Amino acid sequence: MTLVLKQLYQRFNQVRGRRIFIVPTRFGFIYALFLILILLGAINYSNSLGHVLCFLLASLGLVAMLHTYRNLAKIELKHAHAEPVFNGQEINFNLIFDNPSIHNSYQIEVSRKQNRDRTRNPFKIFKGYVHPLIFSLFKAQQTNQFNYLLPAQKRGETALGRLRIASVFPLGLYSTWTYFNNNYTALVYPRPEGVLPLPKAAQQGQNLTSKHHKGLDDFSGFNRYRMGDPIHAIAWKSMAKDNVLRTKKFTSPQGGHLMLNWQDVIEVESIEARLSQLCSWVLQAESNGMTYGLTLPNTVINFGHGDTHYHRCLSALALYE
């Protein structure tokens, strides 16, 4: 019996859909007051046309309530994603909504729950949503993608927070809204700034002299073909010019090995300033083509280079506690 009731309740929830809140707007209250005045006038003067007009406008208000509810009833938040940014930049959340309804949804306002102290004042509950952004159209039976920008105010993981979508479509008589609870976050790197120069690898017993080693990155010329050279490296176009068999030569830049240590920034006043200085050094080392590592009090990242190593170092700085 309990299982049957549970299944019936689940089916009811599927039919009912997401919980939608709806209240009259300020214009809706004025509209209702206007209808009451028309009805009182029609009763006072026994005017049949006044009664017809009042009931016609009241029916229009009821139909508007249905359409306002239907405008949000089926919309679901499927996914949200944001690329890492630096502190002070804007986080670009890519929101993916699904509208399985056969009707388009119009004039949808998306806003984010702001972290605020709890209050028992019911009128302040609705004031905690900030950064409203209005999207004109959610297409029917399609997945809709929208970009939602948020300012990155501190390093670390920034939560998207509870989303609220609202609308007053079609007549503005009612305000309807619903909520989406989620755990989507974006990673915010420290702000890359600082006055200290990049440490020299020579101070760590390494050679910082810029050099090149054999690799597959940049074309640097030709070599005479030697037995055993790979066939795919043969410069066939060059051979067509002078009938000399050559192979292509590639090199990869290498700027030395450098370990970025927490002790190198220990004289900087605050922890956030130290992280910003290390972040600036990581950017400089990566742009100089160096092989570098990072040593923090709680993390040691070995030497490396490239995008994966670069983001790994920045992530360690962003999540440092």
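Trainee: What should I know about the model and its numbering before I start?

Mentor: The model is predicted: local features need pLDDT of at least 70, side-chain atom pairs count only at pLDDT 80 or more, and totals for chains, interfaces and linings use all residues. Residues are numbered from 1 along each chain as its sequence is written, and side-chain values use heavy atoms, with hydrogens and water left out.

Trainee: What is the average pLDDT of the chain, and where does pLDDT stay under 50?

Mentor: pLDDT is the predictor's confidence in each residue, from 0 to 100. The chain averages 81, and 75% of the residues score at least 70. Over residues 202–217 pLDDT stays under 50. The model has 32 contacts for that stretch beyond four places in sequence, where contact means heavy atoms within 4.5 Å. Where pLDDT is low, predicted coordinates should not be read in detail.

Trainee: How many helices and strands does the chain have?

Mentor: Helices (H or I, at least four residues) and strands (E, at least two) are DSSP runs, numbered from the N terminus. Here there are six helices and 16 strands.

Trainee: What share of the residues counts as buried?

Mentor: Buried means under 20% relative accessible area, exposed over 50%, and partly exposed in between (1.4 Å probe, protein chains only). Of the 321 residues, 39% are buried. Now the surface. Areas come from the Shrake-Rupley method with a 1.4 Å probe, and for residues only the protein chains shown count as cover. The accessible surface of the chain is about 20,700 Å², with 56% of that belonging to carbon and sulfur atoms.

Trainee: What percentage of the contacts with a separation of 6 or more joins residues 24 or more positions apart?

Mentor: In this chain, 69%.

Trainee: How does the reach of H2 compare with the expected value?

Mentor: The expected span of a helix is 1.5 Å times one less than its number of residues. H2 covers residues 26–45, 20 residues in total. From first C-alpha to last it reaches 29 Å, close to the expected 28 Å.

Trainee: Which residues of H2 are buried, and why are they on the same side?

Mentor: Gly28, Tyr31, Leu35, Ile38 and Ala42 are buried in H2. They cover an arc of only 75° around the axis, so they sit on the same side of H2. The arc is that of the directions from the helix axis to the C-beta atoms. The face turned away carries exposed residues, among them Arg26, Phe29, Leu33 and Asn44. Helix H3 (48–70) is included in what covers the buried residues of H2.

Trainee: What comes between H2 and H3?

Mentor: A loop, and serine 46 is found in it. Its phi is positive, near 50°, in a residue other than glycine. Serine 46 is exposed, with a relative accessible area of 61%. Then look at the start of H3. There a side-chain oxygen of asparagine 47 reaches to within 3.0 Å of the backbone nitrogen of leucine 49.

Trainee: Which residues of H3 are buried, and what covers them?

Mentor: Check the length before the packing. The 23 residues of H3 should span 33 Å, and the end C-alpha atoms are 33 Å apart, which agrees. The buried residues are Gly50, Cys54, Leu57, Gly61, Ala64 and Thr68. Their cover includes strand S1 (21–24), H2, strand S9 (163–167) and strand S10 (174–180).

Trainee: Which backbone angles deserve a look elsewhere?

Mentor: Start with omega. The peptide bond from phenylalanine 169 to proline 170 is cis, with omega near 10°. Proline 170 lies in the loop between S9 and S10. Then phi. Glutamine 107 has a positive phi of about 50° although it is not a glycine. Glutamine 107 is found in strand S5 (residues 105–113), and is partly exposed at 41%.

Note on methods: Polar contact = N/O pair within 3.5 Å; in protein donor to acceptor, adjacent residues only side chain to side chain.
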